[in-house]
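Please look through the model below. Some questions on its helices follow.

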Amino acid sequence: MFDRYEAGETAVLVHIDFADEERREDLLELQLLVESAGARSVGVITGSRRSPDRKFFIGTGKAEELAAMVAATEANVVIFNHALSPAQERNLEMVCQCRVLDRTTLILDIFAQRARTHEGKLQVELAQLRHMSTRLIRGWTHLERQKGGIGMRGPGETQLETDRRLLRGRIKNINRRLEKVDKQREQSRRARKRSDLATVSLVGYTNAGKSTLFNALTSSEVYAADQLFATLDPTLRKLALPDGAVILADTVGFIRHLPHDLVAAFKATLQETRQAEILLHVVDCADENMTENFDQVQSVLEEIDADEITQLVVCNKIDLLEDFAPRIDYNEDGKPERVWVSAQKRIGFDLLLKAITELIGEVICELTLKIPASAGHYLGQFYRLDAIQQKDYDDLGNCILSVRLSDADWRRLAKQSQGELEAFIFEPSEVDVTC
Ligand SMILES: Nc1nc2c(ncn2[C@@H]2O[C@H](COP(=O)(O)OP(=O)(O)OP(=O)(O)O)[C@@H](O)[C@H]2O)c(=O)[nH]1
């Protein structure tokens with residue numbers, strides 16, 4: 001990280017307080033993000049507004065104040081804690097005479113630095129290219145083009161100079177390669193399902209301690225660092241439980257207002273989350289923004305249709321709380337709801353494994369359905385989930401289907417069918433089955 005500081009990327013940060021909760025960001029988090037990107041903050045401009053100014057996002061007076069601070073500090077980049085329109089970026093660059101980046105570009109840059117696998121790199125490149133394509137029209141020529149620096153790193157950095165036609169070609173090419181990787185991933189997921197091991201996916205706000213927990217539980221060496229988004233690619237390991245085993249998946253850290261392009265680009269990674277039987281939602285219980293971060297993660301989970309999956313909240317970093325012993329909190333149905341641990345100090349792991357074991361028994365559902373020929377389209381849905389254990393037909397042409405799938409998948413399908421699938425549940429002994 002130090003060589004990045006030596007590279008001398010100095011930034012003036014701009015943070016505006018909005019009354020509107022939807023637009024509100026956290027200044028401390030921006031500072032962490034900037035640090036994670038390897039830059040050094042040399043000044044901060046703050047203010048409050050009802051809504052963004054069309055031309056500069058901040059008002060004209062603030063824009064002048066910003067330009068003066070850039071000149072005084074000799075900063076080489078301005079970073080906004082908000083999403084800017086291409087026109088606002090261009091106008092601000094004219095006034096400040098330096099590069100101006102928005103929050104999306106900053107997050108994409110961090111992702112570009114951290115991506116480790118082929119798939120992760122492709123996903124980041126795709127998101128960067130999409131973001132860039134909205135900004136290609138602007139007059140870059142008035143600014144000195146330096147190689148490197150925030151927003152210019154990563155696989156897509158040379159693409160700014162290419163025309164839209166080339167950019168579109170590149171996007172198409174990446175999409176094709178990603179589709180291929182996606183298929184391979186799907187195959188390995190199916191193989192995993194066949195092995196009958198449930199998948200437990202770690203989710204959580206960035207820096208909550210997922211990778212540390214993943215490493216400690218599986219004794220592997222996934223990159224864990226006190227930087228945001230140290231994890232970008234899902235990593236899978238077998239985790240032994242007191243009676244059995246599960247697949248543990250480490251996934252990307254979430255953040256509020258995760259750029260939409262990024263959610264789209266990371267679809268495959270998040271898909272891993274969607275298909276898990278249990279989510280371990282890791283929270284940093286020593287962080288004062290704990291509740292807010294928790295809600296942000298929940299809303300991303302909703303967005304990717306993963307909010308129906310059974311969750312166990314892992315309250316991590318209890319070593320930072322005073323006099324705190326590990327424990328399991330149960331809900332009124334007697335199911336484990338929260339476990340208090342320290343991933344770094346390896347405290348409370350026995351309780352965590354106990355809680356996962358207790359939940360695993362509840363999350364797989366096995367059913368037999370009698371599906372009439374007229375509702376044959378449901379079969380494809382079970383095939384796609386690789387949930388079919390046995391398939392027979394009775395004399396009337398009804399399909400007698402034994403399925404094994406996660407409780408969350410079943411609930412999702414049942415909801416989509418508006419109750420029809422539930423009406424097909426039956427006891428096999430009721431009919432005379434002929435193969
Ligand atoms: N004190 C303390 N620090 C912890 C604990 N667990 C993790 N950390 C620290 O928290 C920081 C973030 O941990 P990571 O495991 O990289 O977090 P992550 O959730 O994987 O982060 P992303 O990759 O950004 O999503 C690191 O500096 C860890 O050493 C803990 O139990 N106690």
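The questions and answers below concern a predicted model.

Q: In helix 2 (residues 27–36), which residues are buried, and what arc do they cover around the axis?
A: Glu29, Leu30, Leu33, Val34 and Ser36 are buried in helix 2. Their directions from the axis put them on the same side of helix 2, because the arc they cover is only 160°.

Q: What covers the buried residues of helix 2?
A: The cover includes both strands and a helix. Among the strands are strand 1 (10–18), strand 2 (40–49) and strand 3. The helix included is helix 5.

Q: Which residue just after helix 2 takes a positive phi?
A: The phi is about 95°. The residue that takes it, just after helix 2, is Gly38.

Q: Why are the buried residues of helix 4 (residues 86–96) on the same side of the helix?
A: The buried residues are Gln88, Glu89, Asn91, Leu92 and Cys96. An α-helix has 3.6 residues a turn, so residues three or four places apart point the same way.

Q: What do the buried residues of helix 4 pack against?
A: Helix 3 (60–73) is one of the partners. The others are strand 3 (77–80) and strand 4 (99–101).

Q: Are helix 5 and helix 6 roughly parallel or roughly antiparallel?
A: The axes of helix 5 (residues 103–114) and helix 6 (residues 118–133) come within 9 Å. They cross at roughly 155°. An angle over 145 degrees counts as roughly antiparallel. Helix 5 and helix 6 are therefore roughly antiparallel.

Q: Is the crossing of helix 5 and helix 6 left-handed or right-handed?
A: Here the sense of the crossing is what counts. Helix 5 passes helix 6 in a crossing that is left-handed.

Q: How many nonpolar, polar and charged residues does the contact of helix 5 with helix 6 have?
A: Helix 5 brings Thr104, Thr105, Leu108, Phe111 and Ala112. They meet Val124, Ala127, Gln128 and His131 in helix 6. By class, the contact has five nonpolar, four polar and no charged residues.

Q: Is Glu292 buried, partly exposed or exposed?
A: Glu292 lies in helix 11 (residues 290–303). A residue needs 20 or more other C-beta atoms within 10 Å to be buried, and 12 or fewer to be exposed. Glu292 has 13, so it is partly exposed.

Q: What distance separates the C-alpha atoms of Glu292 and Tyr205?
A: Along the chain, Glu292 and Tyr205 are 87 residues apart. Their C-alpha atoms are separated by 9.9 Å.

Notes: Residues are numbered from 1 along each chain as its sequence is written. This is a predicted model: local features need pLDDT of at least 70, side-chain atom pairs count only at pLDDT 80 or more; totals for chains, interfaces and linings use all residues. Helices (H or I, at least four residues) and strands (E, at least two) are DSSP runs, numbered from the N terminus. Two residues are in contact if their C-beta atoms, placed from the backbone, lie within 7 Å. Axes are lines fitted to C-alpha atoms, for helices over the stretch in contact, and angles run from 0 to 180 degrees between N-to-C directions. Angles under 35 degrees count as roughly parallel, over 145 as roughly antiparallel, 65 to 115 as roughly perpendicular and the rest as oblique. A crossing is left-handed if the near helix is turned anticlockwise from the far one by less than a right angle, and right-handed if clockwise. Ala, Val, Leu, Ile, Met, Phe, Trp, Tyr, Cys and Pro count as nonpolar, Asp, Glu, Lys and Arg as charged, and the others, Gly among them, as polar. The arc is that of the directions from the helix axis to the C-beta atoms.
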